Amino acid sequence: MPEVLKAPLVVEFPFTRSLGPVQSAFLTGLRERVVLGVATADGRTLVPPVEYDPVTAEDLRDLVEVAPTGTVTTWAWNHEPRRGQPLDTPFAWVLVRLDGADTALLHALDVPGPDAVRTGTRVRIRWAEERTGAITDIACFEPYDGEPAELTGSDGTFEEKVTGIVAHARLDYTYSPGRAQSAYIAALSGRRTVGERCPSCRKVYVPPRGACPTCGVATAEQVEVGPAGTVTTFCIVNIKAKNLDIEVPYVYAHIALDGAGLALHGRIGGIPYDQVRMGLRVEPVWTDGGRYPDHYRPTGEPDADYETYKELL
Ligand SMILES: [Zn+2]
C-alpha cells in the first residue's frame with residue numbers, strides 16, 4: 001500500500017468584469033464617498049442598486065443618493081475571520097438598511113463582541129482611506145447613535161467613471177489524491193510514469209483514477225508507460241498567460257505515451273511551433289527539481305503511423 005498523499009491546493013484567478021451604467025455609478029460613488037441606490041417605478045429605493053426591477057424586470061436607471069448611516073436589520077457573528085474578509089479581527093456580518101433605502105446592504109460591522117450588536121443597532125460607514133471604486137471602499141460599518149447623515153447632493157454623475165472591476169476569486173483546500181494518483185505521483189518523483197490497467201478492457205489509464213470509467217471496475221495492476229510518446233493532436237497557443245514565462249506562440253499537445261491507453265497533455269519544445277505535427281515522436285524533458293516533465297521534445301525517430309494512435313485522439 002503506497003503512502004497516501006495530501007497537499008494544500010489553491011485555485012485562484014482574477015475575474016475581470018465590466019460594469020453597466022448602474023453598477024458603474026454605484027462603485028464610482030463609493031470612491032467619492034457617495035452611496036447611490038436606484039429607484040423603482042413604485043417608489044422603492046434599492047441599495048445596493050440593481051439594473052432590473054426584481055419584481056417587474058423593468059430597466060432601472062434613476063439613481064438616488066442615500067445616507068451613509070443606517071440600521072442593522074439582521075446579523076451573524078463571525079468569530080474567525082478568513083483571508084480577504086473586511087476585518088481581520090472577529091466582527092459581525094450585518095445587513096444594513098441605509099437611511100433612505102428600502103433594501104439592505106451586506107457588510108461587516110466592527111464591534112468588540114456579539115453583545116455589542118442587535119437588530120436595530122444604528123451604524124455608519126467607515127470609509128477606506130484609499131478608495132478605488134470598489135465595495136471595499138466601505139472599510140466596514142461602525143456603531144453610530146446620531147440622526148441620518150446629510151446627503152452630498154450628488155446626482156450620480158462623476159468624472160472618470162469606474163467601468164470595470166477585477167474580483168479576485170480564490171479557493172483554498174486540501175487535496176488528497178487517493179491510492180492510484182498517490183502511486184502515480186510517487187513514481188513521477190523518480191521520473192517514471194506509471195498508469196493502471198483495467199482488468200476488463202485492458203486499457204492503461206494515465207494518470208490512473210483507480211477505476212475504469214468505461215467498465216466501472218477497480219484498477220490495480222500498475223504499468224509503466226513511456227517515457228517517449230506520440231503527438232496525437234495539438235494546438236498552437238498565441239495568447240500569453242499571466243504569470244507564465246513561456247514565449248508565444250508555443251504548442252500544447254495531446255501525447256500518447258508508449259503503452260498508455262489514452263493521451264495526456266504537455267507542451268512541445270525543441271522544435272519550431274509550425275513544424276509540430278500529428279504522429280511526431282517526443283520524449284519528456286525534466287528540469288532540476290521538477291515534479292513533472294517541463295515539456296516534451298522530438299526524439300528524432302520517424303513519425304508514428306496514424307494507425308498506431310488513431311484510437312487515442
Ligand atoms: Zn475497462
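**Burial, salt bridges, pockets and strands**

Q181 is buried, at a relative accessible area of 13%; buried means under 20% relative accessible area, exposed over 50% and partly exposed in between, with a 1.4 Å probe and protein chains only. The model is predicted, and local features need pLDDT of at least 70, side-chain atom pairs count only at pLDDT 80 or more, while totals for chains, interfaces and linings use all residues. Residues are numbered from 1 along each chain as its sequence is written, and side-chain values use heavy atoms, with hydrogens and water left out.

Q181 belongs to helix 2, residues 178-188. Helices (H or I, at least four residues) and strands (E, at least two) are DSSP runs, numbered from the N terminus. Leaving aside residues up to four places away in sequence, Q181 touches Y175, P207, P208 and R209, where contact means heavy atoms within 4.5 Å.

A pocket is defined on a 1 Å grid over the protein atoms alone, as an open set of points with protein on both sides within 12 Å along at least five of seven lines; a cavity is instead a set of points where a 1.4 Å probe fits but cannot get out, and lining residues have an atom within 4 Å of a point. The largest pocket holds about 1,300 Å³ of space. Grid points are joined across faces, edges and corners, and a volume is the space filled by probe spheres set on the points. The lining of the largest pocket consists of 37 residues, and those nearest its centre are Y184, I185, L188, R291 and Y292.

Of the 22 residues that line the second largest pocket, R83, G84, Q85, H168 and R170 lie nearest its centre. Strand 1, strand 7, strand 9 (138-143) and strand 10 (164-175) each give at least two residues to this lining, and strand 10 gives the largest share, five residues. The lining of the second largest pocket divides into 10 nonpolar, six polar and six charged residues.

Next come the charged pairs. Side chains of opposite charge can pair when their charged atoms come close. The structure holds 18 salt bridges, each a side-chain nitrogen of Lys or Arg within 4 Å of a carboxyl oxygen of Asp or Glu. In one of them R31 meets E32 at 2.7 Å, N to O; R31 is buried at 18% relative accessible area, and E32 is partly exposed at 39%. In another, D42 meets R44 at 3.0 Å, N to O; D42 is exposed, with a relative accessible area of 57%, whereas R44 is partly exposed at 25%.

R122 and D99 form a salt bridge at 2.8 Å, N to O. R122 lies in strand 8 (122-127) and D99 in the loop between strand 6 (91-98) and strand 7 (105-109), so the pair ties together parts that are 23 residues apart in sequence. D99 is buried at 17% relative accessibility, and R122 is partly exposed at 22%. A network of salt bridges links D110, R124, R126 and E142.

R124 also has a place in strand pairing: R124 in strand 8 is the bridge partner of T69. Strands of a sheet pair through backbone hydrogen bonds, either parallel or antiparallel. Two strands pair if DSSP finds at least two bridges between them. Strand 5 (residues 69-78) and strand 8 pair in the antiparallel sense over three bridges. Strand 5 also runs antiparallel to strand 6, joined by eight bridges, with W75 opposite V94 in strand 6.

A further group of three strands forms an open antiparallel sheet in the order 3-2-4. Its edge strands are strand 3 (45-46) and strand 4 (63-66), each pairing on one side only. Strand 2 (residues 35-39) and strand 4 are joined by four bridges and run antiparallel, and V38 stands opposite L63 in strand 4.

Key
Ala, Val, Leu, Ile, Met, Phe, Trp, Tyr, Cys and Pro count as nonpolar, Asp, Glu, Lys and Arg as charged, and the others, Gly among them, as polar.
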